[in-house]
Amino acid sequence: MVLLLLSVCSMHSYAQEMTVTGKVTEEAGGEVAGVNVVVKGSSRGTTTNDKGEYSISVEKGKILTFSFIGFNSKEVTVGSESIINVSLTPEATALNEVVVTALGIKREKKALGYAVSELKGEELVQARSTNMANTLVGKVAGLNITSTATGPGGSTRITLRGNGSIDNNNQPLIIIDGIPIDNSNLGAAGMWGGGDRGDGISSLNPSEIESMSVLKGATAAALYGSRASNGAILVTTKGGKAGKGIGVEINSNITTDDLLITKFKDFQYEYGMGRNGVKPTTREEAMSSSSFGAKLDGSSVIQYDGVSRPYSAVKDNLTKFYKTGSTFNNSVALTGATENITYRLSLANMNNKGLIPDNTLDRQNYSLNVNGTLSKNLSILANVKYIKEKSHNRPRVSDSPGNANYTLVNMPTTLSVETMKQSMLDDRGYEQVWGDNIYVDNAYFAATQFQQDDNKDRFIVSFEPRYNFTDWLYAKARVGFDKYFYNYTAITPTGTPYQPLGGFDKNVQSFSEVNSELLFGINRKLVGDLNLNMLIAGNLMKQVVKQDYISGSSFNIPFFYDITNINPASRNASYNYIEKRINSVYGSAEFSYKSYAYVTVTGRNDWFSTLAPGKNSLFYPSIAGSFVLSEAIRLPSVISYAKLRGSWAKAGGDTNPYRLSLYYGLSGAHIGSPLAQINGSTVPYAGLQPLRSYTYELGLENRLFNNRLGLDFTYYDRQTKDDIVAASISGTSGFTSVLLNVGQISNRGVELMLNYDLIKNKNFTWDISYNLGYNKSNVVFLGDGLESIQVDNPRSQTAYVFQQVGQPFSLLKATSFVRDDQGRIVYNAQGLPLKGDLKPYGTGISPYTMGFTTNFRYKGVGLSVLFDGRFGGHLYSGTNALATRYGLSKESLVGRETGVVGEGVNEEGEINTVSVPATQYYENLYNFGEPFIYKSDFIKLRQVILDYSIPARVFGRSPFKGVSVSLVGRNLAILMKKTPNIDPESTYGNGNAQGYEFAGVPTTRSIGVNLNLKF
Amino acid sequence: MIRKIAVVLALTLGAGACTKDFEEININPTAPSEVPLDYLLAQAQLQISGSAGDPGYKVWRGNFIYSGTIVQQLASVDDYYAGDKYTYNADNSGAYFADSYVNSVKSLADIISQASEDPADVNILSMARILKVLQMHIITDLYGDVPYSEAGKGFISQIYKPKYDPQQAIYMDMLKELDEAGAALNASAYVPTAADFVYKGDVSKWKKAANSLMLRLAMRMQKADPAAAQTWAKKAIDGGLMASNDDTFKFIHTEGSTASRNPNSYNLGIGRGLIKGDNFQWSKTLIDMMKARKDPRISIISQLANGDKTVANQKGLPNGLDKSSGPNGLVTKTGDGNIKNYSRPTDLMYDDDDPNILLTFAETKFLTAEAIERGWATAGTAKDAYEAGQKAAVTQLAAFDATAGVVSAADAQAYVTANPYPVAGTLANKLTQIHSEMFILTASTFNHYEGWSNWRRTGIPALTPTNYPGNLTGGVIPRRLIFPISELAVNEANYKEGVARMGKDDFLTRVWWDK
């Protein structure tokens, strides 16, 4: 087979020339592609192909230099042998670390003018989570990952360097092998409840991942334009590797999930079910959600099912209801090569059983990666992924309907979930109402009779031909798509107390995004030591979402759950077609001087279909520079490496389609007349233009003491202008929000990474690393005369997330007590606190994130421990508010016997002496947000991995090439928190409004075993 | 080669800049930009009624949880029914306000804006104006000073934070609207028929409804501004009022989709199952009064949980009690703690296809009687008006059920005889008779908003407040509802101005007409 093209310069022939061929391998055995093979002292050279092979014409006696980033260069004098195989040794230090940057271009880290963090796939495989994004927590400075309390398969919120937009997506672009994937949430809980139906990144199979590059800011991601204004996460999956025969890798993982918080420590266990200090005496009376009854005495007291049971505290409801969850992960990968093709085929299967009875999540990932060399100039890379995901009964969270978690934080002290299990249905098969609020379901009825099923078939495909015109000019096309088909069915069963005839909802949705890119690249020496690396490209993006909704209420035949059984008059159907396009052209030029000065300039122009004609184009330039001090000048020997970097970029973004004008919605008919109303609750804006952001960053990388101490420091500044915001307005305007296009937000912060090799010798290594991110956000401007906008609120409607000028992003406000000059609470004549204004209590997003890792390795045994923490944020806890309202919290013990005399003054300024019965006092307290706001600070023991790799020599001639076993614990302990009863990481939404939790799925502690076999 | 590359490159860049179809792409293909006004008018009516939007949402909270229990037409031992015990639930107290503006008020503002542009739409315009008054007066009666002149105009006039208008100004404008809209109705212009869920396009009935509503609003101002009340009452009566039960203003509902179903029925029956769930019952105040008056409606509207409709067995639930055996427990106070033994609405009152009755011929007659007694009207005698009202009130329940809801003419006459008009009595005696009738009338049609408003103006019947521990008013019957907290979040300055003008945002502050 013909090998790579000879250099243009080597077309003349010399009498003494001979053709030398060979293969370049790395010490460990694999082939190395892209190695520069140069005839020393000439401009003649070539590079190795994907199988590490090269061919070059050279005179006998000349020296061939083999060089590749990350390896020591090697020189070989050409003798009479026409085959020269070379083995390269990796560089002792990681100075020449290579990272994947925008558009998948591998670059030396030292050439970069911005911060990029890379994570290796191995760690993601061992410490698995059902949502891969959770495994990134604590590992990258400035990467803020908020998991949601929504059970397995729920979404996460990922932000880099704060939130740049009030209303638009603030999460980074997720790119898999060059293909942007949709990471939007397919359904989240809101104030009225619901479940989280997952996002895009949660579906990835960690075993397939070679590496992840986190491009933290707009400067790193400038080439991706608007869609990566919040940074980007580039996922590179494993490809085929040439080798002997077919390589097989098997990975098995078993993980169990248990409650991290097994008991509500701050609940009271002294008073039982009932109200006003009395025990229930009748069945009707026992239908109460309150624990304001009598003092527990163990006497026999009637319960909602008519059975009398001891009037004593039930303390193990949580551990009784929530089962041990389990996850099985198995994957097999085959890698191999023929003469012209390398490939990797992988299959993975994941089965998860959730904590809540009947909740399951199953996922299969299929992946094929083929790289073929079709002719000497043409190669093709094809990547096909198919992900099948299926979930049954995803937990409902937030408000009560169908939410078992809500019941668990609200049921009386003396009621056992066992009773709920036994007395779930009445003789009609309907739910036996157990409390006084028909919207709070029996926990088992909620978990097992309500039905939610969803499945998703996703295809991520890319096809990437590359043609080399010359050795310095190539063209690459890339056609890629991300398509998924999603099907969701929810059944409200017959006999649901608040909807006795039941209901049916079905959503069939397809998503498609196609990107077609054509790129030309130039890579050549200009003059002397100056090199140019340039590309120019165009991309067409087309995104189409089609949604079918079918719903109805009232099943004609009870317990038969199909749309055909819904009264035809109460069936609803609707269809949405949502299309969006972005056309782009972009280019970049990188100049390097010697090996220490680098400048990269990029430019991109996007045209958006979603914005107003004439205002829908935006150009983003960026410039980045890097200067490696330690190579340019002589530094004291204690400094092994020092680099300064700086960059500036403009980025921007658009919004959702169809927001320029008002539409109407047709909603069926009533006695022969069609019905219609204004669609949506947002006042449209015809003049929408792109939002823009300007980012600069400065950084310093240092390695000291013979590379043992590493330091990486970044300062960044990101200013958003013309933010497109759906600002909350008074509902009395008929609308609840209006589109504004003038918002300004500032984010400034620092990122610090430190690592130190404490001990490093042949058999034992011990290193520690620490990362810290701090982001100071500030809402600068919202609109003329607009001081603040309300963004969201939880079901209690006593806490609100605001964006307010001069305040940090996601400001938490809540209904407060009225206080006098001395800060004393003011009570009305009835002894109840007066309701004051909404007061600010700080941001719901923690500005400080940090992680600390320590790794030990002794021969084949490794131990890695990760702690992480977040500081400076606040949280409204709906769970604790409910616990007080229903008399479950310890706080509600005050005044049980005597009544509550609130500490403070009356409206006349005299000390309050009016006593209010405890039941009514605490029920009324629910109308206040202030008492239930906490600092959300925490420190967690996030992850411990103990692994053992059986040394290769053990296997001898057996087919095994490697076996490793690891024991992994995740979320092992909360070492510090300020929120009673709940984990501060328990928000139910992954939207832009952060700062409250409400009856979510409890956090779990996971322990697992991972086995990896290679042969 | 270079040329080829240049061509491909130029095509690439050219394609990037090609955006000529972007405008078309960004038009939503599944939602129209314009729809016939009839469709909007149709939906607006269901939004006022409460079946469209979030079905039954505002009705449950505004009508049942608060108004009906506060005014002792309903009662509940369930602490969720906060009006029964004068306790505060922020969400439920603010719900009628919050739901109405984003649904009915929004739609009506849109229709009025569009229909004003074409004289051919005069009837749609006039109906929308009358409907808007119907909706807005319930809102202002419940809350006091509220957004009115700037309400619902987020898109039309870019008003995002509407000011709170003084209730007096709202009343004056509503009366003017009824006057103008009633006069503008024109049978020879286009008349919506299928989209008119009240009168099926009968313009003359709309005129009568406008005048009858005008009479209601006029009488409401009796204490606050007697002169204006007199002027408008006379204008209303002179303009022509409803003449029979056929003229009664009621939204027609049907079985089928939730938007079609009667929203009260949705709550009591198919949707939320409140009656079968024993969530609330008829108040003792109401049942005792009906029994004392030998009201033939009692066996139509009231039954025990086991279906027993025997009049003698009907027992109203006292207000202000809980289901415990404690000091305020039902069993403690009455000796009968079994909630099933208390009277609740009969099945026929909450069929999906029952009409939602909001303004009756009977009410018009009772208010006419009062107007005559006050010397504000001269047409006929107060006694005749009162008796016509009584007969209309007891016979109109046929609207719920054409057989079981029927009261015979003889029974109606017997009722009149049993509750004669005190022709020789004092004005107070007469008003007590008239407004006792109003109390039963509004209760028996689930029009609790009106029941509460009319009671606040007249104080009839005399109600005994409850004083459940921990209530927000200190044992005083509430005079208004508290605004939704969200207004403090999104419209703070206007909200505070409105509240400051009234006094406090609490249950005891009296609205303008409630002096």
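Trainee: How many nonpolar, polar and charged residues does the lining of the largest cavity have?

Mentor: In this predicted model, that lining has 10 nonpolar, 24 polar and 9 charged residues. Ala, Val, Leu, Ile, Met, Phe, Trp, Tyr, Cys and Pro count as nonpolar, Asp, Glu, Lys and Arg as charged, and the others, Gly among them, as polar. Residues are numbered from 1 along each chain as its sequence is written, and chains are lettered from A in the order in which they are written. Local features need pLDDT of at least 70, side-chain atom pairs count only at pLDDT 80 or more, totals for chains, interfaces and linings use all residues, and side-chain values use heavy atoms, without hydrogens and water.

Trainee: Why is the pair A:Glu907 and B:Lys504 called a salt bridge?

Mentor: A salt bridge requires a side-chain nitrogen of Lys or Arg within 4 Å of a carboxyl oxygen of Asp or Glu. Across the interface of chain B and chain A, the rule finds 5 salt bridges.

Trainee: What makes up the contact between the two chains?

Mentor: Contact means heavy atoms within 4.5 Å; 101 residues from chain B and 102 residues from chain A take part.

Trainee: What is the area buried between chain B and chain A?

Mentor: The area is about 8200 Å², of which carbon and sulfur atoms give 61%. Buried area is the accessible area (1.4 Å probe) that two parts lose on being put together, summed over both.
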